[in-house]
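This briefing covers one protein structure, shown next.

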Amino acid sequence: MKPVIVVHGGAGRIFKEREEGSRSGVRRAALKGYGILKRGGNALDAVEEAVALMEDDPHFNAGLGSVLNEKGEVEMDAIIMDGKNLASGAVSAVKCIANPIKLARLIMEKTDHMLLTDQGAFAFARAMGLPEVPGEKLITERSLNRWKKNLEADSNPQEFQKDLGTVGAVAIDSAGNVACATSTGGLTNKLVGRVGDTACIGSGGYADNNVGATSTTGHGESIMKVVLARLVLYHMEQGKSPEAAADIALDYMRTRVEGLGGVIVISSSGDWAVRFSTKQMAWATVKDDVLQYGIHAGERDEQSAEEALGTTGS
C-alpha cells in the first residue's frame, strides 16, 4: 500500500491576511506526516505528529492560538483513533497542555478509557509526565483581541466564529492501516466546560480499516447532531467514493440542521477527498511524493514533496 496523508486547518472563512500562514501550516504538517509514513512509520504516528505541528502553529485554533472561553481561558478538545482495532483516545476542556493530541494518544494507549475531561485529563497528563504550560502562554494577541471584542455590547459573536481553525489529519500507512486525529480550541467566548464535536468519536473523527478515516471541522453542535465523521464512512460503506460520501454528508448537515463544515477523507484503498460547504478550508495532502494543497473551492496547487521540503525547511 502506498502511504497517503491528508490534513486540514479548519473550515470557515479565512481572512486574507491569514491565508499564507494557513497554507504554509497545512503544507508543513502534511510533509511532516508523510515523512513518517515514507520511513515506514505507522498512520497513528503520522496523524499525531501532523496535528501536533499545527497545534504549535498560532495560525490555527488548536493548542497555541486556541480561542478563549467566556472567562478568557483556553480549553481544548482532541481525539485520535486507530482504524486497526477501533481504539480511540480523546480529551475535552483541558487546560495548560501544549499538545492535547499527545494526551489523547496517551489516554488511548495507557488507560482503559476513551475520553478524559478537564481536571481529570490534566491530572492524567501530569501523571504521564506530559509538559505543562501556563495557560497564558497558549493565548495569542489575536485570540485575546477577539475575546475582548466579543465582550462588547454591540458585538456579533457569530461573525468571529467564521475564521477559526480546528486542525485534523487522516492517513493510511504501507501496512494498510488508517488513522485520524483532530484538535481544537472550540468556539470563541464559549461557556466554560463546553465540549464540541472534536472529542466525540464519530463526530470529530472516525477510523476503520474496513472503510477508511475522516476528520471533520465546522460548527460543532451541527456536526454532533448528524455524527458527521461516521456518516461519511457510512456512505462509503454503501459504495460511494470518498468525495461523493463527503458531499452527501455535508449536504445533509446543511439541509437538516443548517450546519456548515468540512471533511477530509481517506479510503482503505488510499483514495482521498477534501470537501467543504464553507467559504474556505485550508488543506494539504501528499501521495506518490506529490504535495497538493489549497484553501478556496477548486484551488489545488501542486509540487513535488522533495521540492516542498526544501522550501519549508521541514
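Where is the place of Val227? Val227 sits in the loop between α7 (220-226) and α8 (228-237). The model is predicted, so local features need pLDDT of at least 70 and side-chain atom pairs count only at pLDDT 80 or more, while totals for chains, interfaces and linings use all residues. Residues are numbered from 1 along each chain as its sequence is written, and side-chain values use heavy atoms, with hydrogens and water left out.

- Val227 has a positive phi of about 50 degrees although it is not a glycine.
- Val227 is partly exposed, with a relative accessible area of 35%; buried means under 20% relative accessible area, exposed over 50%, and partly exposed in between, with a 1.4 Å probe and protein chains only.
- Cys96 is found in the loop between β3 and α3, and its phi is near 60 degrees, a positive value in a residue other than glycine.
- Cys96 is also partly exposed, at a relative accessible area of 24%.

**Nine-strand sheet**

- Nine strands form an open sheet with mixed pairing, in the order β4-β3-β2-β6-β5-β1-β11-β12-β13.
- The edge strands are β4 (115-117) and β13 (301-304), each of which pairs on one side only.
- From one strand to the next, the twist averages 10 degrees.
- Strands are DSSP runs of E with at least two residues, helices are runs of H or I with at least four, and both are numbered from the N terminus.
- Two strands pair if DSSP finds at least two bridges between them.
- Strand β12 (residues 290-296) pairs with β13 in the antiparallel sense over four bridges, and Val290 stands opposite Ser304 in β13.

- Axes are lines fitted to C-alpha atoms, for helices over the stretch in contact, and angles run from 0 to 180 degrees between N-to-C directions.
- Helix α3 (residues 100-110) lies across β2 (76-82), β3 (87-94), β4 and β6 (178-184), and runs at about 135 degrees to β3.

**Four-strand sheet**

- Four strands form an open antiparallel sheet in the order β7-β8-β9-β10.
- β7 (205-208) and β10 stand at the edges with a single partner strand each, so one side of each is left without a neighbour in the sheet.
- In this sheet the twist averages 10 degrees from one strand to the next.
- A hairpin joins β7 to β8 through three residues; the two strands pair in the antiparallel sense over four bridges, with Gly205 opposite Ser215 in β8.
- Strand β8 (residues 212-218) and strand β9 (residues 261-267) pair in the antiparallel sense over seven bridges.
- Across that pairing, the bridge partner of Ala213 is Ile266, that of Ser215 is Ile264, and Thr217 stands opposite Gly262.
- β9 and β10 pair in the antiparallel sense over five bridges, and Val263 stands opposite Arg275 in β10.
- The hairpin of β9 and β10 has four residues between the strands, and Gly270 in the turn has a positive phi of about 95 degrees.

**Burial in β8 and β9**

- Six of the seven residues of β8 are buried, and in β9 seven of seven are buried.
- In a regular strand the side chains alternate between the two faces of the sheet.
- Gly261, Val263, Val265 and Ser267 point one way from β9, Gly262, Ile264 and Ile266 point the other way, and all are buried.

**Second largest pocket**

- The second largest pocket has a volume of about 280 Å³.
- On a 1 Å grid over the protein atoms alone, a pocket is an open set of points where a 1.4 Å probe fits, with protein on both sides within 12 Å along at least five of seven lines; lining residues have an atom within 4 Å of a point.
- Grid points are joined across faces, edges and corners, and a volume is the space filled by probe spheres set on the points.
- Of the 17 lining residues, the closest to the pocket centre are Val274, Arg275, Phe276, Ala297 and Gly298.
- α9 (242-257) and β10 (272-276) each supply at least two residues of this lining.
- By class, the lining has seven nonpolar, three polar and seven charged residues; Ala, Val, Leu, Ile, Met, Phe, Trp, Tyr, Cys and Pro count as nonpolar, Asp, Glu, Lys and Arg as charged, and the others, Gly among them, as polar.

Key. Contact = heavy atoms within 4.5 Å.
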